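Please look at the model before reading on.

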Amino acid sequence: MSFRSLIALLVLFIAASLQFLLGSAGMFTDLMLAALIAFAFFFEWPELAVYVLVAVFMIDWQPAITPTMLVFAAIPFAAYLFRRFFAWAPWAGIPLVTILGFAAFYLAIAPGMFATAAPSIVFDVFGALIYGEIALAVLSRAER
Amino acid sequence: MTPERKPNLALLGVLVCILLILVLFQPSYGWRLRAFLMPSDIAVGAGSAASGSAMGVLMAENDQLKAQLAELQGIVAELPTSSPNYLRAMVYSRYPLNFKNELFVNAGGDDGVATGSAVLYEGLLVGRVVQTWPHYAAVETVFDNNFRLPVRIGKAGYDGLLTGGSYPYVASIAKDSPVAPGDIVMSSAPGVPYAVPVGALQSTSTSPDNLFTQGAIVFPYDINQIQTVLIAHS
């Protein structure tokens, strides 16, 4: 396990902690998914699978694998497939894939929320965009 | 962006297997990890919410008394002849994403909890059981977008439909019903004990289609701070 892997785990744990903290205050932003999307730009799929499973392990809230968790786990791998198109500029690719990933997440799980709870979706994506860029900056430094 | 070296596939494979086993067969370790990652004052914060917010307790008690008063004054004849039993359950975790507002509690089918069972906190209806496992159950709260519950309002018991969401409200109140802020909102649905208070009307307005009155509800508790609930069971 490399230094960058340890940093990635730290980024994921901080994302989880912040996400649970904000969630307990009624503000939901999926920072773990944002971190995983950023990881997709740095790691090969076997290592990405480990981070995805760590995230699912922490975030899965009931003793069953739900469609929500399956979609959650699939999005970072979709981002992994997209990363080749943004190899020249991950700082642009990560936000774009984050927006697309979150849109796909909401469309797959709760499409009605676009009509009924648009502001909370905007907050969710906004938080994810910020954290994704932070993860990019941290992992880029760890790569050097 | 490219990795500096090839990942150790054997190690990663072992890690993936261990994580899969944990996710599928030992999810409770994940909940403990969540509790560990959550700041301690939040993770065990129910006590502070319950004890620190004396006003909330008083408001809940006030809502209960209002509901009892309304119940006794207006609808005595409709009272059920038997009262349900309640089972105390601890809240294990909350749905961590934006899609739902659900609680996960440590009582399930083996304890007599059934889908549709009413869930109470401080005597107020906070949700209904939507899914059960032998030892666990998922509770859809009134703050979930999908939550719907027929309710009655005030002493006269005007009908309405509690509509869940970040800001729950009572919809479909007949326009000529003289409901007013402060009126108690109480359950009136099959499978849910009758006249359990949900909250109180905070304000009223005309529905967007101009056909009904609707009312915003004020709740004397913070759903994110609840740690124990009572579940009605057969």
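## Basis

Two strands count as a pair if DSSP finds at least two bridges between them. The model is a predicted one.

## First barrel of chain B

In chain B, six strands close into a barrel. Their order is β6-β7-β8-β11-β10-β9, and the pairing is antiparallel. Neighbouring strands of this sheet are turned by 40° against each other on average, direction ignored.

One pairing in chain B joins β6 (residues 148–153) to β9 (residues 184–187). These two strands run antiparallel and share three bridges. Within β9(B), M186(B) stands opposite R152(B).

How many bridges join β1(B) to β12 of chain B? There are six, and the strands run antiparallel. Strand β12 of chain B spans residues 228–233. In β12(B), I231(B) stands opposite L87(B).

β1(B) also pairs with β2 (residues 102–105) of chain B, in the antiparallel sense, over three bridges. F104(B) in β2(B) stands opposite S93(B). β2(B) in turn pairs with β5 (residues 137–141) of chain B. That antiparallel pairing has four bridges. A137(B) in β5(B) is the bridge partner of V105(B).

## Chain A

Chain A has seven helices and zero strands. From the N terminus on, its elements run α-α-α-α-α-α-α. The C-alpha atoms of chain A fill a box of roughly 45 × 30 × 25 Å along the principal axes. A compact globule of 144 residues would have a radius of gyration near 15 Å; chain A has 14 Å, which agrees.

Of the 144 residues of chain A, 46% count as buried. Among contacts in chain A between residues at least 6 apart in sequence, 70% join residues at least 24 apart.

## Nonpolar core

The largest nonpolar core has 103 residues. A35(A) and V185(B) have the most contacts inside it. Helix α3 (residues 45–59) of chain A gives the largest share of this core, with 11 residues.

What does V185(B) touch, leaving aside its neighbours within four places in sequence? Its contacts are V151(B), I153(B), L162(B), V170(B), V198(B), G199(B), A200(B), L201(B) and I217(B).

## Contact between the chains

Contact between the chains involves 35 residues of chain B and 42 residues of chain A. On the side of chain B that touches chain A, the elements giving two or more residues are α1 (9–25), α2 (27–37) and β1 (85–94) of chain B. α1(B) gives the most to this side, with nine residues.

By type, the residues on the side of chain B that touches chain A divide into 26 nonpolar, seven polar and two charged.

Notes
Residues are numbered from 1 along each chain as its sequence is written. Chains are lettered from A and ligands numbered from 1 in the order in which they are written. This is a predicted model: local features need pLDDT of at least 70, side-chain atom pairs count only at pLDDT 80 or more; totals for chains, interfaces and linings use all residues. Two residues are in contact if their C-beta atoms, placed from the backbone, lie within 7 Å. Ala, Val, Leu, Ile, Met, Phe, Trp, Tyr, Cys and Pro count as nonpolar, Asp, Glu, Lys and Arg as charged, and the others, Gly among them, as polar. Axes are lines fitted to C-alpha atoms, for helices over the stretch in contact, and angles run from 0 to 180 degrees between N-to-C directions. The radius of gyration is taken over C-alpha atoms; the globule rule is 2.2 Å times the number of residues to the power 0.38. A residue is buried if 20 or more other C-beta atoms lie within 10 Å of its own, exposed if 12 or fewer, and partly exposed in between; C-beta atoms are placed from the backbone. A nonpolar core is a set of buried Ala, Val, Leu, Ile, Met, Phe, Trp, Tyr and Cys residues joined through C-beta atoms within 7 Å.
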